[in-house]
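Q: Could you walk me through how to read a metal site and a chain interface?

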Amino acid sequence: MRIDCKHVWDYLSAYIDGDVDPDLRAQIDRHLETCEICSAVLDSTRNVVVLIADERVFELPAGFSKRLHERIDAMIDADSASG
Amino acid sequence: MPTSSSPEFEAECIRRILAGEKQLFHELIRPCERSIFFLLLSLLGNETDAEDAAQETVIKVYQNLRLFRGESQFRTWVLSIARNEGLGRLRKLRTLREDSLEADTDEVTGDYTPAILTSWREVPLQALERQELAALLREAIQKLPAIYRNVIMLRDIEEMDVRATAQALGITEGSVKVRLHRARAMLQKELAPKLKGYAPERKRSFFGWGS
Ligand SMILES: [Zn+2]
């Protein structure tokens with residue numbers, strides 16, 4: 001069976017996560033060998049996934065951790081004082 | 001005591017905290033801080049509220065530590081507390097609109113078309129040093145409907161597995177997969193044309209992809 005581009009797009013996310021069964025994976029792989037459009041869509045989707053996972057994209061606000069642990073210290077002190 | 005954030009480390013840490021070594025709570029919560037903040041940022045939409053809610057979450061975790069039964073990962077349990085804290089605040093603010101966070105309807109719309117482009121195979125990780133690229137990515141994620149944003153925050157940004165994401169958000173694993181697929185597709189469509197300009201000039205394959 002030959003699958004079309006639309007079908008490949010429906011499974012892109014699962015394909016990237018290795019979450020498609022071997023038969024479907026083989027069909028998608030065969031399609032990708034000859035379809036430049038789907039190859040480019042797959043590559044760009046993967047690239048987006050890699051980029052957003054980079055720690056430089058989402059950084060904690062400056063001082064976040066310090067303020068959080070000061071709050072924890074205050075809480076532990078209060079907890080200890082009350083027994 | 002094991003040093004990583006393994007289940008053994010967590011269990012041992014919790015036992016000792018409950019036995020009185022309260023300072024160990026700092027070490028227990030440290031590996032979860034980032035995820036707590038970014039889940040709350042995703043829910044609440046601004047850093048000030050997210051930080052305030054993150055502090056409240058951590059206090060609730062401490063106060064309820066006895067209730068953790070080890071049926072899920074510790075971080076997953078912590079994130080479900082964070083989620084409740086975030087949702088409680090949203091309800092108070094009455095900003096829960098029709099893209100309701102509780103709704104679990106994932107009907108297939110089926111007419112998604114990706115951005116078509118000929119080749120963009122290298123990941124421009126170098127370009128992240130330029131703040132504008134990072135800002136572009138953050139902006140695209142902020143623009144996603146909340147139910148998709150939450151899933152992508154936990155799965156792709158905090159790199160949690162499908163099961164833990166489902167548990168933390170109180171949705172099914174099937175919903176996590178459907179929402180993740182939509183979120184990635186929307187980001188591809190929005191970002192691929194813009195990011196192409198950031199691709200490195202020298203051809204190199206990244207992790208052997210697409211070469
Ligand atoms: Zn195709």
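A: Gladly. Donors are N, O and S atoms within 2.8 Å of the metal (3.2 Å for Na, K and Ca); water is not among the atoms, so sites may look incomplete. Here the donor residues of the zinc ion follow the spacing C-x25-H-x3-C-x2-C. This is a predicted model, where local features need pLDDT of at least 70 and side-chain atom pairs pLDDT 80 or more, while totals for chains, interfaces and linings use all residues. Residues are numbered from 1 along each chain, chains are lettered from A, and side-chain values use heavy atoms without hydrogens or water.

Q: Which atoms coordinate the zinc ion?

A: The donors are Cys5(A) (SG), His31(A) (NE2), Cys35(A) (SG) and Cys38(A) (SG), at 2.0 to 2.3 Å. Cys5(A) lies in helix H1 and His31(A) in helix H3 (residues 22-34) of chain A, so this pair ties together parts 26 residues apart in sequence. Helices here are DSSP runs (H or I, at least four residues), numbered from the N terminus.

Q: What arrangement do the 4 donor atoms make?

A: Ideal angles are 109.5 degrees for four tetrahedral donors. Four donors count as tetrahedral if all angles lie between 85 and 135 degrees. Around the zinc ion the angles are 102 to 113°, which makes the arrangement tetrahedral.

Q: How many residues of chain A and chain B are in contact?

A: Contact means heavy atoms within 4.5 Å. By that rule, 45 residues of chain A touch 56 residues of chain B. The two chains bury about 4900 Å² between them, 64% of it on carbon and sulfur atoms; buried area is the accessible area (1.4 Å probe) lost on being put together, summed over both parts.

Q: How many salt bridges are there between chain A and chain B?

A: Side chains of opposite charge can pair when their charged atoms come close. A salt bridge needs a Lys or Arg side-chain nitrogen within 4 Å of an Asp or Glu carboxyl oxygen. The count between chain A and chain B is 6. One of the salt bridges joins Arg184(B) and Asp17(A) (3.1 Å, N to O).

Key
Four donors count as tetrahedral if all angles lie between 85 and 135 degrees; four count as square planar and six as octahedral if opposite donors are over 155 degrees apart and all others between 65 and 115; anything else is irregular. Helices (H or I, at least four residues) and strands (E, at least two) are DSSP runs, numbered from the N terminus.
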